[in-house]
Amino acid sequence: MSSNLIEVRIENNVAWIALNRPEVFNSFNREMALQLQTTLDDCNTNSNVRALVLTGNGKAFCAGQDLKEVTDPELNPGFRKILEEHYNPIIQKIRTIEKPIIAAVNGVAAGAGANIALACDIVVASEQASFIQAFSKIGLVPDSAGTFFLPRLIGFQKASALMMLGDKVTAPEALTMGMIYKIFPIALFEEEVKTLAENLAQMPTKAIGLTKRLLNQSMHNNLEQQLKLESDLQIEASSSNDYNEGVTAFVEKRKPEFKGN
């Protein structure tokens, strides 16, 4: 599954996906964006993958769009193609894959890189990580669903200020404002992420996927629609093998062994 710009390994039902352009802080060019989409599709259909971790090689998570690509007349695909063929499909895949996706933000996450991280189900950061809505610094507007997720995570006023001013948000600040789930020390970062991901991979994947679907729909459903969907998906979850295992393990007072179906 690995390619030169996206590194992938699967261990203990976890797909570790690393953006691999460390020399440019893992900024996206067309090739890397398309390779990431293929990787996400492969993980979606691979029954051995029950959780995904998205991170970056080197010092950065992702610095967003590679500006050298958009300023080179021979390479520039144009912003419409960049958004419609690169970033928008990545965000849609992250949200529609019914498996938990962790963004392990190891360093700076800027522009589209920050917003791709925030689209993931769980965002954890090393203590040296930072988040920057860098778009206004070069006369652009936020993309990659930043204007959708960030106000919902931290509130309209704070999101508006961060997007207009382009302030750098440190990992502790991001944690305090509710942008991310947890911070881990640099020395323990990989091990803590591994523990979190492998725990998720051993949980009832079917139920987690349905929970993700509920959260997606809650963004625009009214109360009546959401209650109806909860009922429908609870019935679906209750027919899973994992539900039967969970109930049986509870009655037998043992740890359940979920298979993800």
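**Helix packing in a predicted model**

Hi everyone, let's start with helix α8, residues 189-201. α8 has 13 residues and reaches 18 Å from its first C-alpha to its last, close to the 18 Å expected at 1.5 Å a residue. Please keep in mind throughout that this is a predicted model.

So which residues of α8 are buried? They are Phe189, Val193, Leu196, Ala197, Glu198, Leu200 and Ala201.

If you'd like to find the contact on screen, look on the α9 side for Lys206, Leu210, Arg213, Leu214, Gln217 and Ser218. On the α10 side, the residues they meet are Gln226, Leu229, Glu230, Leu233, Glu236 and Ala237. By class, this α9 and α10 contact divides into five nonpolar, three polar and four charged residues.

Now for another helix pair, α1 (residues 30-45) and α3 (residues 79-96). Their axes are 10 Å apart, and the helices pack at an angle of about 25°. Because angles under 35 degrees count as roughly parallel, α1 is roughly parallel to α3. The crossing of α1 past α3 is left-handed. From α1, the contact uses Arg30, Ala33, Leu34, Leu36, Gln37, Leu40 and Asp41. From α3 come Lys81, Glu85, His86, Pro89, Ile90, Lys93 and Ile94. Sorted by class, the contact of α1 with α3 has seven nonpolar, two polar and five charged residues.

Let me stay with His86 for a moment, which sits in α3. Is His86 buried or exposed? It counts as buried, because its relative accessibility is 0%. Setting aside neighbours within four places in sequence, His86 is in contact with Arg30, Ala33, Gln37, Glu69, Pro77 and Lys81.

My last stop is Leu54, in strand β3. Leu54 has 5% relative accessibility and so counts as buried. Not counting residues up to four places away in sequence, Leu54 touches Ile17, Leu19, Leu36, Phe61, Ile102, Ala103, Ala104, Ile116 and Cys120. How far apart are Leu54 and Ile116? In sequence, 62 residues; in space, 9.6 Å from C-alpha to C-alpha.

Technical notes
Residues are numbered from 1 along each chain as its sequence is written. This is a predicted model: local features need pLDDT of at least 70, side-chain atom pairs count only at pLDDT 80 or more; totals for chains, interfaces and linings use all residues. Side-chain values use heavy atoms; hydrogens and water are left out. Helices (H or I, at least four residues) and strands (E, at least two) are DSSP runs, numbered from the N terminus. The expected span of a helix is 1.5 Å times one less than its number of residues. Buried means under 20% relative accessible area, exposed over 50%, partly exposed in between (1.4 Å probe, protein chains only). Contact means heavy atoms within 4.5 Å. Ala, Val, Leu, Ile, Met, Phe, Trp, Tyr, Cys and Pro count as nonpolar, Asp, Glu, Lys and Arg as charged, and the others, Gly among them, as polar. Axes are lines fitted to C-alpha atoms, for helices over the stretch in contact, and angles run from 0 to 180 degrees between N-to-C directions. Angles under 35 degrees count as roughly parallel, over 145 as roughly antiparallel, 65 to 115 as roughly perpendicular and the rest as oblique. A crossing is left-handed if the near helix is turned anticlockwise from the far one by less than a right angle, and right-handed if clockwise.
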